Amino acid sequence: MLAPTMLALFSNGHDELFRRFMDSVHDYAIFLLTPEGQIASWNVGAERIKGYRADEIIGQHFSVFYPQEALERDLPAQALCTAAQQGQWRDEGWRLRKDGSRFWASVLISPLLGVNGEVLGFSKVTRDMTQRREGEQRLVESERNLRLLVETVQDYAIFSLDCHGVITSWNRGAQRIKGYTAQEAIGKHFSVFYEPPEVARGWPQEELARATERGRFEDEGWRVRKDGTRFWANVVITAIKDEQGQLLGFSKVTRDLTERRRHEQQLREREESLRLLVEGVRDHAMFLLDAQGRIKVWNAGGQRLLGYDSSEVLERDASMFYPQEDRLAGKPQAELASARSAGHLLVEGWRQRADGTTFWAEVTTTRLDGDGDTPRGFIRIVRDLTERRRAETLEMEGRRLSEFIAVLSHELRNPLAPIRNAVAILDRFTSEPQARWCLDLLGRQIAHMSRLVDDLLDVSRITSGKIRLEPVALELNTLVRMAVDTASAMVKQRGHALTVRLAPAPIQIMGDTTRLTQVVANLLTNAAKYTPPPGRIDVSVSNDGDIVTLQVCDNGIGMSESLLQRAFKPFVQGVRALDRAEGGLGVGLALVKSIVELHGGSVSAASPGIGKGSTITITLPVQKQTATPASIATQTIVPSPQRVLVVDDHHDAAESMAMLLRMSGHDVQVAQDGPMALGMAAALRPDFVLLDIGLPGMDGYELARRIRELPELGRVQLIAVTGRGQEADRQTAAAAGFHSFITKPVDPEELARLLTSRP
């Protein structure tokens, strides 16, 4: 219940007017309390702020608005006591609404006194200050954060100056960068950070003057730390002015950019080095294109390779280097589009120089990525591959020539085989002089044709690097004597006088018997062909310690100076008369040079001039270690009878070979293809199979493998007889199971040796 005195306050005629006044106040909670603190009145503002209706709150103690921590301090009682004693009580603090939420309240409690000074109650005015407090709190936190930010920044020196440049504040970044503590720096003039020459010319004062005039001044330059070391600084000075524009001082922010400046310097040096590198490249045209293909940068290599000065190409389209037909076909745009799509493009094609000449170029275009999908441009590098392309073309032509030579030799050897067989057969049946003369002529011509085919194949092997040596210990005098015996028939036929002067003592060398014999024979044959009869040919061998010298001299047609310079190249010949029946392909000396150099020796040609003869000199290293020279003597072979199967689709070659073998006492059968040969071999079980490689259907390699698979033919000896004599053919034959490999036309004595080689 309300106290009677409080009820009396509302019993007079002013009650209604007072209520209307109270209800018109919305921003303040205004209500009355009894002396004990019970709520006696309630206005609209109180209801809005605290959330209670009048009927809910009147009669309750006002402590209902205080949070627990305030109640624990007995704050409501203290408030009434203080108000009664001091005439009022002011406070700010947290209060509670009906829904339990808090708000920050500004509270004024005033006592209501009677005529005798007694306390009749209290008036309480409460204002919701939550928003103001939050704003003030944000401001305080902002100021605090700003202060902490400035104080804790380590990468920037942030400090303030008064109007004269004296330091008034100092942060940690300033201490770290400049080396001074706040106590050491505050009160000093900021010119202490400048080098003496800068101070002498008044630059610190100039900075303040410019900042005052413009409001802000920025500079970069050398500054000095406490220890005297220098650092490159970025400095921003801002003038601080009040509302009336009166200068209050300056803020100064300094950043240590020494590392950045060093990196920038390194970058500039790298860029300069790259520029010098690009400019120094003379074998490649290197230039930069924009996104549309216009030339932006041009190097010295571009000028050398394409013939344009930079002033002639900059801002022009790169399509200017393409031949007209490529430009009309849209090739420049297509290649740029491909590089844009793939990021990188490598092509080869014809390009055109400033003088109109074309060259074969390797062109690399690399996309330079920019923002988004649009490239910044392209790097293009052009390399002249004309010489490489020419070399590749020559190499391709060389391969075609080698293939042609291989086919040609095969086609030539096939008809030579039956002819040689027929000559060997006739040689056993006739003794009449005229018939013998014919047989000798045929034999010489067959040998000549065989040598031409062998020379062709040897040139092909040497030029392709596929020639193989089988070196053994040799005695050179003996080898020369045997080679002279081989070539003496031609020398005598031409009516020449041959003189041989060998070394007085045996000379041991390491070499391939067949190839070195071929060298000496080629030299004697050459001398005989290019010396008009009757001529003179001299062969001499001499030993000079570690080197042995072999010379072949003639008094023939000689060589011109130009011919001497190219005499050892393939297919080079001297002048030939129309009446010369015997010639060659011009590969003899080329073979000599290649074979001698493979043995570690050298060869040279000399001639006093046309019609004055020639001298070919060969040097070879002497073999120092004692070894037993390989025997190069020949002996007549008398084979014992064997069962032989001849397999060849060339009828004349097969039958002539069979007849020749039957005349030597062998049991011979003939097959024309693979299946027939396979059946006959299984039935006959021959000792030897002479097998042509180029059979129709099942070739000789496949037939050899099939024969090897038959257990009953495990001891048969397979001999490849073919017109193909390349090293690859020999290797393939060995892999297929052949025991021996001979080329057509077959030498009867070589065949006789093979037929006695059965293990």
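1. Searching the whole structure turns up four cavities of 30 Å³ or more. Please keep in mind throughout that this is a predicted model. The second largest cavity has a volume of about 110 Å³. Its lining is made up of 14 residues, and those closest to the centre are Asp 648, Ala 653, Met 657, Val 721 and Lys 744.

2. Which elements give two or more residues to the lining of that second largest cavity? They are helix H17 (386-426), strand E21 (643-647) and helix H23 (651-663). H23 provides the largest share of the lining, with three residues.

3. Turning to the strands, four of them make up an open sheet in the order E1-E4-E3-E2, and the pairing is antiparallel. Strand E1 (28-33) and strand E2 (89-96) are at the edges; each has a single partner strand, so one side of each has no neighbour in the sheet. On average, and with direction ignored, neighbouring strands of this sheet are turned by 25 degrees against each other.

4. How many bridges join E1 to E4? There are six, and the two strands run antiparallel. Within this pairing, Leu 32 stands opposite Ser 123 in E4. Although E1 is an edge strand of the sheet, it is mostly covered, with five of its six residues buried.

5. Strand E4 (residues 119-128) also pairs with strand E3 (residues 102-113), in the antiparallel sense and over nine bridges. Here Leu 108 has Val 125 in E4 as its bridge partner.

6. The aromatic side chains deserve a separate point, as the structure holds 18 aromatic pairs. One of them is formed by Trp 42 and Phe 65: the ring centres are 5.8 Å apart and the planes are at 25 degrees, so this pair is stacked. It links distant parts of the chain, 23 residues apart, with Trp 42 in the loop between E1 and helix H3 (44-50) and Phe 65 in the loop between helix H4 (54-57) and helix H5 (68-72).

7. A second stacked pair to look at is Trp 170 with Phe 193, whose ring centres lie 5.8 Å apart with the planes at 25 degrees. This pair, too, links distant parts of the chain, 23 residues apart. Trp 170 is in the loop between strand E5 (156-161) and helix H8 (172-178), while Phe 193 is in the loop between helix H9 (182-185) and helix H10 (196-200). With 6% relative accessibility, Trp 170 counts as buried; Phe 193 counts as buried at 1%.

8. A last item concerns another charge placed over a ring. Which residue lies over the face of Trp 232? That residue is Arg 261, at 4.0 Å from the ring centre.

Key. Residues numbered from 1 in each chain as written. Predicted model: local features only at pLDDT ≥ 70, side-chain atom pairs only at ≥ 80, totals over all residues. Heavy atoms only, no water. Pairing = 2+ DSSP bridges. Helix = DSSP H or I, 4+ residues; strand = E, 2+ residues; numbered from the N terminus. Axes fitted to C-alpha atoms, helices over the stretch in contact; angles between N-to-C directions. Phe/Tyr/Trp six-rings, centres within 6.5 Å; stacked < 30°, edge-to-face > 60°. Buried < 20%, exposed > 50% of the residue type's maximum accessible area, 1.4 Å probe, protein only. Lys NZ or Arg CZ within 6 Å of the ring centre and 35° of its normal. 1 Å grid on protein atoms, 1.4 Å probe; cavity = no way out; pocket = protein on both sides within 12 Å on 5 of 7 lines; lining within 4 Å. Points joined across faces, edges and corners; volume = space filled by probe spheres on them.
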